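Student: Please take a close look at one part of this model, the interface between the two chains. I would like a connected account of that part.

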Amino acid sequence: MQLASLSYLLFLAGVSAVSFVTPARARWAVLLVASYCFYALLAPKYTLLLAALTLISWFAARTLAARRKNGRAHSWIFWLAVVTILAPLLALKYAPFAAQAVARVVPGASVEDVGHFRFLLPVGLSFFTIQIVGYLVDVHQESIEPEKHIGRYAAFVALFPYVTAGPIGRSELVEQLRHPPGFNYERVTSGIKLAAWGMFKKVVIADRLGVAVDNVFAAPDNYSGVAVAFAAWLYLFQVYADFSGYSDIAIGSARVLGIELTPNFAQPYLSRSVGEYWRRWHLSFSTWLNEYVYFPLSAMFRRWSRAGAIAALLLTFFISGLWHGAAWTFVVFGMVHGVALVGEMLTNKWRANAERRSPRLIRALTWVGTLTFLCGVDVIFRAPNLGVAWAVYRRIALGLIEDAQFLTAQGASPGAIKSLLVGVGFSAEELVLALAGIALLIGVDVLQERVPMSQRIRAWPGWARWGTYYAIAAGILFFGSFNRNTSFVYYQF
Amino acid sequence: MRRFTRSALLLALPFLLYFGLVVITDPFEHFGIGNAISHAQKERVSGRLHYALWKSHQYAKSPTRRVIFGDSRLDKLPIDEIEALTGERYFNFSLGGGTVAEMVSAFWFSDARAQLEEVTFGISFFNFSANENMNRFIEAEAVFDDRLLYFVNRSVARAAGQLVWAEITSARPQLEHPTMGRDEFWDYQLRVGAPRIYGRYVYPEAYEGDLQRILEHCRMRGVRVQFVIPPSHVDLQQKVAEFGLLAEQERFRAFLRRAAPTIDFDNPSELTTDRARFGDPFHPMAYKEIVDEVWGNARGLAVHSDP
């Protein structure tokens, strides 16, 4: 069951209805049963794994706290639990990658039969694993008391709006599951509106852009330089519309049920530096990385001063890249971001001085530069391997020269210009819809930057509010790309 | 809760009314119930708004064992003349602007619904390009697989609106108006159309594979396959050389000839040098001659070859 589907909408409506008529003290049970049913529909074989990791971590957290209270040694329990929780992720996600890497360098070793393990990766494993690890760290550091109720804890780990791809649940969420509130018109409609906007971003914008991106990335050499560069830019917006769309559906669904999740995005494409981008993109993950990886590493490397900070940063982004997927593309993706951040760290003063001298120009340039950098790096993120990423870069570079020569020879006629986009998979109408979708995505972010959209819309007159609701509903129904079976980009992680 | 129910109903009402309209008008005859609007009117409107959706519904209603797949060049072939010549029922699955990808999808769609006996593929060189990859059949098949999609399909919505409008105003729907004079359009097709298709030509290895799979399937099932390379005017034929694609064109022809009986009209001939027998450089108007040459005994306009 996909989050952007009618079946999910019906599922959410059913779970909400049952939850609202259930006494507050037992609502966690409704959420737990619904979450396990949801996960079982997606990955029946791995429901037991989810349950096992939940049980182990709950027991470990309780034992850890109990031993600490009694003044007995407890760190080894923490480390044992963390290693046990990480083991399935390491085995299923990274072992085949490591085996392939070893097989490449060891003469005579075979890389066959290694790749198929990747298909066994349970959906959401990367997400709920680090959520559990975060919880264990919090208990270990005494930031929270361990949850006594196994049912509520299990609901916290497996809550269906976020179990597949986040936002990564913070330990404080367990508290919300003690007494999820009943029906409240304002909260429920606010959740539905957010989920509807998320659905719009996914099916109207992301899936539409995905058609061209998939075509071009499947065979970049078949396309003009203009088409490949265009597809690279489209992917930048596709991945944002897709993931933020997913997050909005997840956050909106949880809100309907009375659970408030932390936002996952804060207008990332308005960033004017890579550092700022990471403070706005996939917030639940970047916050997790900050708290559980970067800060501990920085503390560990403190004695090396600036070199230590750089090492911590690079190591964090190496882990971030690897978390996204067991492939060299993700390692390179993470490292390029890490190196860019180091560059920004080293040029901080110089950039601040430049901005003081001509603020508008520098702001515009840094914004365009950041987006272009992200577009370029996302090529590596999207490509199935580094060879395809290289083919895309090469095609853009050489293709644009060829395109210029072609247009010079053909006199830049409308036919010649159109021919540069032939085969990307857009009719004129689809192209207009795709560009309008991108404009809407960024336009809403620009407005949202100052005042949240929900607040703005609340202040509108009734006809404008209802007009917007009808437009979003009609947009989803009539302009959604429902004809292709598309998953969320972040489901693969 | 009452307030919520009221708001939900208010939001849903226009959509429910629209869904009712779709059931009543049923623009693509998906449900096959009710006859509020005539089949002829639906063919005029829906049949032009989404060729693949219309034809797939029509074929599913009444499948035939002999099918023609192609683009606009074969779309206008007079089926009744083919049926008179052969004494067999035919269905023309050709779509305006059709691509090889669509022909392949249409073939499998037909094959799943009838015991095929004979299939004819009308493939032009400019269709046989990796960049000519549009496939409207994906949408048509998705609508077939999921009835809910029929209600929210934009072509269905447009057709429903136009059908209702035509019923109310008694106006005959005009969907395809020529926007240029014949000579102007001829020139436009050479100046704009030809660079669009030949400018980024890429030989389609994948289409060869798709057609090979169909040929193998047909061989096992005893289905007769033939290829037709429709005629284009010599003005357009010359563009192949201008864009340096003669080698690719020869490779395309050789592939078809090796694969199945091929009737190639796309050569300089009495037909292709006669501008009067073309609507524009891409579209011949000599449909009867093409039918006689492909399904009858006439010879002289095309090169016939057997593998």
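Tutor: The side chains of Glu429(A) and Arg158(B) form a salt bridge, with N and O 2.9 Å apart; the term covers a side-chain nitrogen of Lys or Arg within 4 Å of a carboxyl oxygen of Asp or Glu. Across the interface of chain A and chain B there are four salt bridges by this rule. The model is predicted, so local features need pLDDT of at least 70 and side-chain atom pairs pLDDT 80 or more, while totals for chains, interfaces and linings use all residues. Residues are numbered from 1 along each chain as its sequence is written, chains are lettered from A and ligands numbered from 1 in the order in which they are written, and side-chain values use heavy atoms, without hydrogens and water.

Eight residue pairs across the interface of chain A and chain B are in polar contact, both residues at pLDDT 80 or more (N or O atoms within 3.5 Å; within protein, one able to donate a hydrogen and the other to accept it, and residues adjacent in sequence counting only if both atoms are side-chain atoms). On the side of chain A that touches chain B, helices H8 (185-218), H16 (386-410), H17 (414-419), H18 (428-450) and H20 (462-479) each supply at least two residues (helices are DSSP runs of H or I, at least four residues, numbered from the N terminus). H20(A) gives the most to that side, with eight residues.

In total, 39 residues from chain A and 33 residues from chain B take part in the contact (heavy atoms within 4.5 Å). The two chains bury about 3,000 Å² between them, 65% of it on carbon and sulfur atoms; this is accessible area (1.4 Å probe) lost on putting the two parts together, summed over both.
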